[in-house]
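Hi there,

Here is the structure I promised to pass on to you. Have a look at it first, and then read my notes below.

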Amino acid sequence: MLREDKLDTFLDAFLEGRENPPKVDLDFWEEAEKIRQPEKERFWDYQEILTAPKGKGKLPPRTIASVFLILILIPVIIFGGIRYWDDRKYLKVSLAIAFLSTVPFFMVFEGRKPQTKELLTISVLAAIAVAGRAAFFMVPSFKPVAAVVIISGVCFGAEAGFMVGAVSMLASNMLFGQGPWTPWQMFAMGIIGFLAGILFQKGWLKARKGSLCIYGFLATLFIYGGIMNPASLVMMSYAITKKNLLAIYISGLPVDFVHASATVTFLFLAARPMIEKLERIKIKYGMIQE
Amino acid sequence: MNQNQKRADAFSQCHPAVNFFYFMAVILISMFTSHPVLLGISFLGALCYAIRLRGWRQVIKFNLLFTLPAMVVVAFINPTFNHYGVTFLFYLKTGPVTLEAIVYGVVLASMLFIAILWFSCYNEVMTTDKFVYLFGRVIPALSLVFSMVFRFVPHFGAQLNVIRSGQKALGRDMSNGNLLRKIKYGITILSILITWALENAIETSDSMRARGYGLKGRTAFSIFHFDRRDVKVSVFLAGLMSICIIGFRQGILFAQYNPVIKIGGFPLRIQSVSVYLAWGIICLFPVLMGVLEDLSFRRLEKKANMERSLPWYMKQTGGQLP
């Protein structure tokens, strides 16, 4: 078959009955070879870097808006908590922070009327995370949730990363038992996915196995542990002092290390096949924005 | 007896909004007040309801195994690290141990314990369909995601079996070969599952679009109605709650442990007793409602059984001898 423009010229020439149809090259096979040539170099890159950010490091305005909302909201709540309740009531203030900092993401997500394809993909990823958490129920804190969340943040953007993290924590707690820890877990897991998306879009986090593993380790150790340890302190005791904080961090360190090593293991094993599958789905069903 | 077990609990048959706001109110108040009387009443209510919902054996086993040790640890952490208070009891390596810190540690531990107990009831009553129904209007996209997640998890399990059987027919089952082979086959099966899940999701979304998901004027089916009983229950609970709030304003529910223990509402006066009574009825409300309904059902059952076992010649007169 000839391509459209060539077909047109050929048909024009043919229908007008000209003897020699002008400028109809029949060597388009070779041209296609020529076009495919640079792709081979890209293929080599593809081996290393699993996927590349679209739009050259620009964040969507909605993501920037939610970052600002978070950055403004948290100090306002802390200030309000100190001003109106007395500052001893950490539990109220921190619960309010965890709850209210999750709300803007949900509102932004609701406000833009997401496509059904996006909704379904997010729910599949969250279901994979929930099923993974359930499958490893006999190994405490060795869970693949953070790995799935990071991969979805990288492939579908910061917002999707947050949604997958928060939804999978809330949903899996419906199976494992809700408690006062749910808002913190939602926020912590969500922010891991959100940061993964932002760093990837900015080009600071490359979608390589190595860098993903490093990010996964640091994020689980410092973001998840860094949020959940003070949260458990707040749940158990009101007194937050430097000494108490240090004690709870040290006592939580082994658990966090197990969690972080789980994340690294799952990222190392699953990052490439998962990202390949997600990219394939994106290309096959035209889910790439812009 | 068998029929009783089949019937759902009376309070969980109320409208989801009543259930949700009841649990939120009770859990938040239990978590944010440190008043010992309130906490004790709340504990009693939560324990009774948990036993009613899940059976006493399971509740007691779970609590003795998991919650009690955690509670003891929490109760001991506070006095060893915090040294506020005025009543010194003895000295440890970390510093003086005070009565106030010990009491506060126990209060904190019981607060956590009560919250977990209430949440276990919440998990039984607020099933996912209720949650999705309740938030479907406010956050439609998110609640769709939720219901999808809950649907996908068992769906994946079923599909996993299908894939395994297929692979088994090819001689690539997890039970074949050495360990390395087994792991390889397992990974293949998982990979197939994930690919299938993603494709299936896209197909589902196309199907949803084709059936008009997200178009204007479409309504969602639900079997929940806000009936007259729900109105009565919510008015009753709101009245009791407002008594509690008035008590809170008057400082009856005030409690302080640092630096000295100060607890409001003592000595007992008519106001404080009424506040405690109101809170007690709130906490025991689900159990009371269930027991009352059980009693009325049993009465009806007895009546029905009696009428059924009557001989035919007495039926016309309704069981009364002429």
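Helices (H or I, at least four residues) and strands (E, at least two) are DSSP runs, numbered from the N terminus. With that in hand, chain A has ten helices and zero strands.

A word on the source: this is a predicted model, in which local features need pLDDT of at least 70 and side-chain atom pairs count only at pLDDT 80 or more, while totals for chains, interfaces and linings use all residues. Residues are numbered from 1 along each chain as its sequence is written, chains are lettered from A and ligands numbered from 1 in the order in which they are written, and side-chain values use heavy atoms, with hydrogens and water left out.

Chain A has 290 residues, and 49% of them count as buried (under 20% relative accessible area, with exposed over 50% and partly exposed in between; 1.4 Å probe, protein chains only).

Leaving aside residues up to four places away in sequence, Tyr22(B) touches several residues, including Phe11(B), Trp118(B) and Ile282(B) (contact means heavy atoms within 4.5 Å).

Finally, Tyr276(B) sits in helix H10 of chain B (residues 270-309). Tyr276(B) counts as buried because its relative accessibility is 9%.

Enjoy exploring!
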